[in-house]
Each structure stands twice: as C-alpha cells, then as structure tokens.
Amino acid sequence: MSPAETLQRRLERGEWVLLDGALGTELVRRGVRWRDHGLRLAPGAVQALHEEYLLAGADVIRTNTFQLNRRLYLNVFRDRAHMRRIGAPDLEERPVRLLEQAVALARAARARVGRPEVAIAGVIGPLEHCFRPDLAPPATVARAEHAEIAQTLAGAGVDLLLLESMNTLAEAMAALAAARETGLPVWVSFVLGPEGDLLSGEPLAQAAQRVRREGAAAVLVNCAPPADIGRAVGVLAALGMRPIGAFAHIGRFDPPSWKFEFYPQFTGTEEWPPERYLAAARAWQAAGAQIIGGCCGTTPDHIRALRAGLEAAP
Amino acid sequence: MSYEAIRERLARGETVLLDGAIGTEILRRQVSWADHQLQRRPEVVQAIHRDYILAGADVITTNTFQLTRRSFLNHFRDLAHLRHIGAPDLETRWRDLIRAGVRLAQAARAAAAGGRPVAIAGSLTTLEWCFRPDLAPSPAAAEAEYRETMAVFAEAGVDLLLIETVNAIREAVAAARAARSLGLPYWVSFVPDEEGRLFTGETLAEAVQALAPLAPEALLLNCAPPEDITRGLAVLAPVAPCPVGVYPHIGRFDPPEWLFTDEYPPERYAALGQQWRAMGARILGGCCGTTPDHIAALHRRLRPTA
C-alpha cells in the first residue's frame, strides 16, 4: 500500500495522524541563513530536521517549499528584464530546481530513517506573502502558477499536496484545481485572521465547505495562535466535516527589517513548551481534529510530545 | 560637523567621496543580513563605517536603508494582525534601529575621522521596494511617512539625508518636500534603467525639472551596473542645476543577498570613477557589492593630494 493510501485508510477509520512541526523557523533558530530556503547553503540541516521529525514519530512530513515559487525572486525586481539585467544568472530556473531538491531531501530523510510508510506532503503556500491576502494574484494567473508548482512537486515524488496558509478562498480554489490535476490527494489549510475567519475576512465555514466540495481530501487550519486554532477547529467540527486538521504557530512573528516574502522567524516560543502545546492539541483532538502537527515556532520536541501524549485512537 | 564643509567643497568644484556598500559588505564579512545587524552585531556595522572613513570617504551613510514603520507593517495583513501575532516592539522598532544606525556612524566618525571633516548622511529609500515603483503609496501618504522617518534622523543628528535608489519622480518630490519641511540638506539619488530613465519610464530631465524648485543639494544615480550609470550620467550631468554624483553597484543581485563577482576590482572601478568625474560627476562612491578597497582606489585616483 502506498503511503497516501495508508494515510487515507487511517483517516477513514477515524484514527488521528501526526504531522511534523515547523521547518523554516526551526532552521533559522538553528542558525541557517534564510536564503533559498536553506536548500542551497545548508541542505544537510534541512534533511537532518526532516529526520528528527521522522524520529519524533510524524506520520506525514512536509517539504521545505512553503512559498518557494518564481515570485519569490521575481518580486524584488522591476520585472523579468530587470532580473535578467542585474540578477544572478540562474534566478529564472532556480525555484523549480529548489522544489525538486526539497522533495529529494525529504525522500532521503525518509529512506535514511527507514520509515517508508510515512507520507511526504508537498507544501504549496500562497503565491504572494502569506499574510497579505490583498496581494493575491487573479485566479487565472494563480491557477497557472500553482499548476507548475504542483506538477513539479508531484513529478519529484511527493505522496500528497498540502496547500498551506491559504489566505483567500479564490486562491485556495485556484490552487486546489491545479493541484488536483496531479491526481494526488490534496489537503487545504487556511491561515486565520485575528477575527477567526480566513485572513482575508472570508467566513471559514463557507470556505471549508467550498474546498471540500471541490475535492479537498482534508481541511485544516494553521499559522494562528493555539487559542485561535482551537476556536476554528470548533467551527470546522460543527460542520460535521471529516477529516479536519490543525497546526498552530507559537510565539510571535518577528520579521526582519527588510523586504522578504516570508522570513520564518518567531520569537517568544519558550512560552509554549511541548507540554503546553500538547494540552492545546488535546482539545483540538477532542473536538474532532484528526490531523495534528505544528506550524511556525514548533520543534521536534513538540512533535515528540504530541506523539506520546495524544490518544492512540478516538 | 555639519553639511557646510561638503557644500563648500562641491561649490569649489572639488570631488566628494561617498562611502561604499554597507548591506552587501555585512554579507561579505560573513554576517547574515535580514535585520541590518544594528542591534545584534553593532561592532560589524561600526567597523564598516570606520573602514570607509579610513579609505577616504567624506560622507558616510547610515545603515538604515528601508527602515520605516511600513517595512515592518508590510509583513502583516494590517495593524490589527501585527498586534495579534507580531513581536511586541514592531511598531517602534524602525525608530530604535534608525537611532542605533546614526549612533554607530557617529561613533565610527569620532573614533576614525581624526579631525578630517566627515559628514553623516541618513540613508532612506522608497517607502515600498526600491525596484517596484508600481507599489508606491500615494504622494500625500508618502510625504507624511517620509516626514515621520526623517524627523527621527534629524533628532539623531545626521548632517544630511541621502534619499537613494528612488524609482519615480513623484516619490522623489514627496521625499524632497518632507526633507525641506524639516530644514535638512538632502541629496536625491535615482536608480536608472538600462536606457538611462527612471523605472517608471520617466526621463532624468523630467526628474530634474520636478526637483529643481525644491533645491536639492545634489542629484545622483545609484544601484545599477556601471554601464547603465554611465548612460544615465550622460543625461543627468548636462541638465542638473546642482552637483551630480554616481555610485553604481557591481556584481549581481541574488535575493535576498548578493552575488559578488570579480568583474570590477578596485582599480578598474576607480578608472571608471575618473571617467565619471570627467563627465561631470563630483560625488563618487559605491553601491551594492563595493568595498572599502573600492573607495580607497577612488581616493588614490581622484583625491591624490587630500
């Protein structure tokens, strides 16, 4: 049975599955210079972190590809002509190569740890900065760009696709349609605003139902503080939707004094040691969440605590 | 120190040396960038200022490029979101960092200038990304934001403002109006495209016309490859009503860092500096990719008796 089928069966049986924790913030915390997602300068650190999450017991590990797309480079130039004129020579092709490399590192980690049943989720973030729904491109543009990313990840050998931190319904729908063309299962996860709905302000319940109708294999919420995530799990559970999932961030987003699409630095994470995070996750599980892991700020210790502390079966 | 010594030198037609890159120089010294390193590695920033002073710079720029309230807010949906999930000091960090940046330049000058007049230019750029004129805020909003930012520089005690890598006339005008309202001497430096125009397609001649009534102390060109700077200078020098200057970048932008190349070693760069001086440039320095060695080479060629 393939990892995706194993995962699917477990979720259908009502079991819960463990996602991994943060990649970006943990790499930065470990001193990796955040450029090219650490993939060029520190591939060993990326693979080692995957391995730690596997050893911590994750059933699903995510590729280090959040917001890794052509815009990451193109956006800091006037346009393509300007990028060619003053940019490093390989910037046009680099995003695609990095996507492939990121998948290869996750696969290498899985092989090295010897857990072939673990599913690798190819992560796709919003095309523009995840916290700026106002910048989301039009749906037709988004669909084409997400299609390239989804096909690249699928071609490199992921087991499912995870649309993460989706901040508008329109982009989630465009990405979902593009991702489903790969034939892989697609999970959709929304980033929440302070009001508890999508960051765009669109109602969470309706967005969840829309993506579910369009074929999302699971609906999740992520990248908001644990309390907000808990309330959102309640909203999803009240819809009677299954499976649903949750992964909160901990600490506070501490961006640099510089323009970046997303610079994964969270500080103050010590306020959420693994035991405290586990207590929050227990409540999500009790409310019906079957897919549970950690977003920005979480570490292998948090995932280990979830593995040890969450109920084995509902 | 005030701007007076620099103004007099320029009035006499003499060359004024600007420093070279700070951000890329931090990277070249194997320190990561991301947050200007003003608080975590202040000694590295101060050492770079010192090295530029020792190389012969008459004007050093603060390590404050793009430090504004907006820079931090842009990472979030809005202020409510920033307050909800952001680190506690993000609404005021820009101000603390500007103050720290000016202090480090002042400390370097006190330690290294040895009585030579060295001016400190507060570095600012466009409110949105310097290569993306399409993102610029409205002129009214821009002027108010510039005034807020520049007031911090004024209070911290810079000698002039260097409004650099400007991509549009309207943003240059907004910044110039703000600087004038605070009574600070200021230079405006445009980033030219490969045809010697602004990134908006506006011409440098149009930019000169728009800024002339606001009496900038100098107009410059920066952050483009040397050949583009040369092309722009040929347009700018004949029409400018004030001293002009140039400080190109060398190497390639490799976001978010820099790709250093050996295409323009210091002596070759300084030879170009001589050419720019002959074309009318009186302020010469370096942008991304340049080093204290480049400024020292300019100094040997252009200020041999100084």
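This is a predicted model: local features need pLDDT of at least 70, side-chain atom pairs count only at pLDDT 80 or more; totals for chains, interfaces and linings use all residues.
Chain A is built from 12 helices and 10 strands. Its radius of gyration is 18 Å, close to the 20 Å that the globule rule gives for 314 residues, so chain A is as compact as a globular protein of that length. Along the principal axes, the C-alpha atoms of chain A fill a box of roughly 60 × 40 × 40 Å, and 59% of the 314 residues of the chain count as buried. Of the contacts in chain A that link residues at least 6 apart in sequence, 75% join residues at least 24 apart.

In soluble globular proteins, nonpolar side chains tend to be buried together. In the present model the largest nonpolar core has 215 residues, and those with the most contacts inside this core are L161(A), L163(A), I292(A) and L161(B). When neighbours within four places in sequence are left aside, the residues in contact with L163(A) are I124(A), A172(A), A175(A), L176(A), A179(A), V186(A), W187(A), V188(A) and S189(A).

Two packed helices are described by the angle between their axes and the distance between the axes. In chain A, the axes of helix α6 (residues 94-113) and helix α7 (residues 139-156) come within 9 Å and cross at roughly 35 degrees, and the crossing is right-handed. The contact is formed by V96(A), L99(A), E100(A), V103(A) and A104(A) from α6(A), which meet I149(A), T152(A), L153(A) and A156(A) from α7(A); by class, these residues comprise seven nonpolar, one polar and one charged.

In chain B, helix α9 (residues 204-211) and helix α10 (residues 226-239) have axes that come within 9 Å and cross at roughly 35 degrees, again with a right-handed crossing. Here L204(B), A205(B) and V208(B) of α9(B) meet G232(B), V235(B), L236(B) and V239(B) of α10(B), and the contact of α9(B) with α10(B) has six nonpolar, one polar and no charged residues.

Between the chains, 33 residues of chain B are in contact with 30 residues of chain A. On the side of chain B that touches chain A, the elements that give two or more residues are α4 (69-73), α5 (79-85), β8 (252-254) and β9 (257-259) of chain B, with the largest share, four residues, coming from α5(B). The residues on this side of chain B divide into 18 nonpolar, eight polar and seven charged.

Terms used
Residues are numbered from 1 along each chain as its sequence is written. Chains are lettered from A and ligands numbered from 1 in the order in which they are written. Axes are lines fitted to C-alpha atoms, for helices over the stretch in contact, and angles run from 0 to 180 degrees between N-to-C directions. A crossing is left-handed if the near helix is turned anticlockwise from the far one by less than a right angle, and right-handed if clockwise. Two residues are in contact if their C-beta atoms, placed from the backbone, lie within 7 Å. Ala, Val, Leu, Ile, Met, Phe, Trp, Tyr, Cys and Pro count as nonpolar, Asp, Glu, Lys and Arg as charged, and the others, Gly among them, as polar. The radius of gyration is taken over C-alpha atoms; the globule rule is 2.2 Å times the number of residues to the power 0.38. A residue is buried if 20 or more other C-beta atoms lie within 10 Å of its own, exposed if 12 or fewer, and partly exposed in between; C-beta atoms are placed from the backbone. A nonpolar core is a set of buried Ala, Val, Leu, Ile, Met, Phe, Trp, Tyr and Cys residues joined through C-beta atoms within 7 Å.
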